[in-house]
Amino acid sequence: MKSRYDDRRFDDRARASPLLGGPTFALRFRLMRLAWLIAWRCLAAWTPSPFHPWRNLLLRLFGAKLDPTAVVHGTTTIWWPGNLTMGANASMGPGVICYNVAPVTLEALAIVSQRAHLCTGTHDIHRAAFPLVSRPIVLKRRSWIAAEAFVGPGTVVGEGAVLGARGVAAKPLAPWTVYVGNPARAVAGRRHEDGDA
């Protein structure tokens, strides 16, 4: 779902901006998100860890594209399932925040550890209306976002790349490289082997 500001016909001068309490999204989509939040909290957020297939089914009902082996924990917060794609054995750990106002893709074996934050949205600080600006996030195959790390809008995390605990990535991360800190900086290469075993 796109914000009102992505519609070229929308006149942000005629309505209250988000800065002044105006909505960023159309009423129809806000109601769809409300239904999603109620469904997740009532039917999935409390479920124990082994209930991955049930949670995946609920996510798919709201538009997520998930491999059957993908893992999403009950305490994960997903803004909108229709913007989520997860490959084989990709996983989101406990407490992950996936603010996916734009698409978020986790390729096969990509891991997002506990309380990490994937954030596809920001605001245009140069416009008085302060409109939402969103860009997709892609986590390539075998990448790992460690505990409490932050991945910002438009970031592509290369195959096998690692963002260390509490690291902050706002730019692309090179494949098979380990990053730490804020802003994330490369500190080492990551050895990799062929195969998925």
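**Labels and their cut-offs**

Guide: Leu61 has its place in helix α2, where helices are DSSP runs of H or I with at least four residues, strands are E runs of at least two, and both are numbered from the N terminus. This is a predicted model, in which local features need pLDDT of at least 70 and side-chain atom pairs count only at pLDDT 80 or more, while totals for chains, interfaces and linings use all residues. Residues are numbered from 1 along each chain as its sequence is written, and side-chain values use heavy atoms, with hydrogens and water left out.

Visitor: Why is Leu61 called exposed?

Guide: Exposed means over 50% relative accessible area, buried under 20%, and partly exposed in between, with a 1.4 Å probe and protein chains only. Leu61 has a relative accessible area of 65%, so it is exposed.

Visitor: What makes Leu43, Phe51, Trp54, Leu57 and Leu61 a nonpolar patch?

Guide: Patch residues have over 30% relative accessible area and no salt bridge, and nonpolar side chains (Val, Leu, Ile, Met, Phe, Trp, Tyr) are joined within 5 Å, like charges within 9 Å. These five, Leu43, Phe51, Trp54, Leu57 and Leu61, form such a patch on the surface, with about 480 Å² of accessible area together. Helix α2 (residues 52-61) gives the most to the patch, with 3 residues.

Visitor: How do you know that the length of helix α1 agrees with its number of residues?

Guide: The expected span is 1.5 Å times one less than the number of residues. For the 17 residues of α1 (residues 27-43) this gives 24 Å, and the end C-alpha atoms are 24 Å apart, so the two agree.

Visitor: Which residues of α1 are buried, and why are they said to line one face?

Guide: Phe29, Arg33, Trp36, Ala39 and Trp40 are buried in α1. Seen down the axis of α1, the buried residues fall within an arc of 125 degrees, so they line one face of the helix; the arc is that of the directions from the helix axis to the C-beta atoms. On the other side of α1, Leu27, Leu31, Arg41 and Cys42 are exposed.

Technical notes: Accessible areas come from the Shrake-Rupley method with a 1.4 Å probe; for residues, only the protein chains shown count as cover. A salt bridge is a side-chain nitrogen of Lys or Arg within 4 Å of a carboxyl oxygen of Asp or Glu.
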